[in-house]
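This briefing covers one protein chain, grouped by topic. The sequence and coordinates come first, followed by the notes.

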Amino acid sequence: MTVKEYQKIAYGEWFDFVDPADAKRAHTRNVQRCHAAIRKHEAKDRKLNILLVHGSGRSSFKSLAHEFSNSQFLLKSAVRQFERDEKYEITEIRLRDYNISPCNCCYSTTSSLCGFPCNCFPLDPMQELYPLVLSCDVMFCSTGVNQSAMSSRLKLFADRLISLDGGFFVAPAQYREKDADWRDRCLALSTKLGKDLPYDPRTWGRVAAYFIASKDQNNELKTIAKPKASPLSYIESVAWSLWDGFSDYGFFHADPWYVGAAANPNEEMAFDKAWYEKATEVKRQAAYVAAAAVALATEYRKHPPAFDGGARHNRT
């Protein structure tokens, strides 16, 4: 394959290469998977479902670093307490294994243009992940600090979850290309319904917690640029960004709801793993955060929180 051929596939619109009938069949399959996941989540007699989402680009030994991710290491150490307990079902996702397309931001045109499950990319690997989120009770996200923010892979994943939170259900028979006519129909629907526009909070009542690793967290060198006006550390900044975004999606948080592991900034990267292996206090905190989240999710299984109408009132 030449560079031009690759770019045509990678940067062209997918529907230029896919038969519309194949896309429609894919959407039908996506609907069936999502509805099956919702039914699984609503079942009473089942295990508590714990979903691990690893956001690091190094979440595999096949990455260029040939090394396990620090944040993934931290999260995996935290969930060991649940691995042999028959009450829990643990599912693990490495986002590095999924080439997720960026969100098309349909919601910014009109909320009715955002479809459930996402009908912008019916063959995108995010379609494999929607059912896992819908069926989980608690979601743990791990990420490093990249440019003072969460990893780009985790951000893509989080952006695309908007389809679950209020996305308009597109039945298999309704599916079609999102062309100008589709957009105009959605705009007309929004205008007609106004305040009566339906909102399905499909991720409401789930619990989230975050496991964050940073190299430069405690670096006092003047060459490290960090706004003096900001009272937040790198890890705190990422944690609050995650809290805010997932709270909007209807996720709840226990106290504490994140743990950060800061490596020695003046030490060569190769020594980080040795530091993490000996960081018993950090691993203890990680286990405590995971236990608190699971306890809250267990409580919500018995007594689900009443929906607040999307106003974000009284959310932990």
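The side chains of Asp165 and Tyr199 are joined by a polar contact of 2.6 Å. The model is predicted.

**Asp165**
- Asp165 sits in the loop that runs between helix H5 (152-160) and strand S5 (168-169).
- Its relative accessibility is 10%, so Asp165 counts as buried, the cut-off for buried being under 20%.
- Beyond its neighbours within four places in sequence, Asp165 is in contact with Tyr199, Asp200, Pro201, Thr203, Asp248 and Tyr249.

**The sheet**
- Five strands form an open sheet in the order S2-S1-S4-S6-S7, and the pairing is parallel.
- Strand S2 (88-94) and S7 are the edge strands, each of them pairing on one side only.
- On average, neighbouring strands of this sheet are turned by 15° against each other, direction ignored.
- Strand S1 (residues 48-54) and S2 run parallel and are joined by seven bridges.
- Leu52 has Glu92 in S2 standing opposite.

**Met139**
- Strand S4 (residues 138-144) contains Met139.
- Met139 counts as buried because its relative accessibility is 0%.
- Not counting residues up to four places away in sequence, Met139 touches Leu51, Val53, Val133, Phe157, Val207, Ala208, Ala209, Phe246 and Phe251.
- Met139 and Tyr210 are 71 residues apart along the chain, while their C-alpha atoms are separated by 8.6 Å.

**Helix H7**
- Helix H7 (residues 234-248) has 15 residues, which at 1.5 Å a residue should span 21 Å; the end C-alpha atoms are 22 Å apart, in agreement with that figure.
- The buried residues in H7 are Tyr234, Ile235, Val238, Ala239, Leu242, Trp243, Phe246 and Ser247.
- Among the elements that cover these buried residues are S4, H5, strand S6 (207-214) and strand S7 (258-262).
- Phe246, buried in H7, is one of the residues that Met139 touches.
- Asp248, within the residue range of H7, is one of the contacts of Asp165.

Key:
Residues are numbered from 1 along each chain as its sequence is written. This is a predicted model: local features need pLDDT of at least 70, side-chain atom pairs count only at pLDDT 80 or more; totals for chains, interfaces and linings use all residues. Side-chain values use heavy atoms; hydrogens and water are left out. Helices (H or I, at least four residues) and strands (E, at least two) are DSSP runs, numbered from the N terminus. Buried means under 20% relative accessible area, exposed over 50%, partly exposed in between (1.4 Å probe, protein chains only). Contact means heavy atoms within 4.5 Å. A polar contact is a pair of N or O atoms within 3.5 Å; within protein, one must be able to donate a hydrogen and the other to accept it, and residues adjacent in sequence count only if both atoms are side-chain atoms. The expected span of a helix is 1.5 Å times one less than its number of residues. Two strands pair if DSSP finds at least two bridges between them. Axes are lines fitted to C-alpha atoms, for helices over the stretch in contact, and angles run from 0 to 180 degrees between N-to-C directions.
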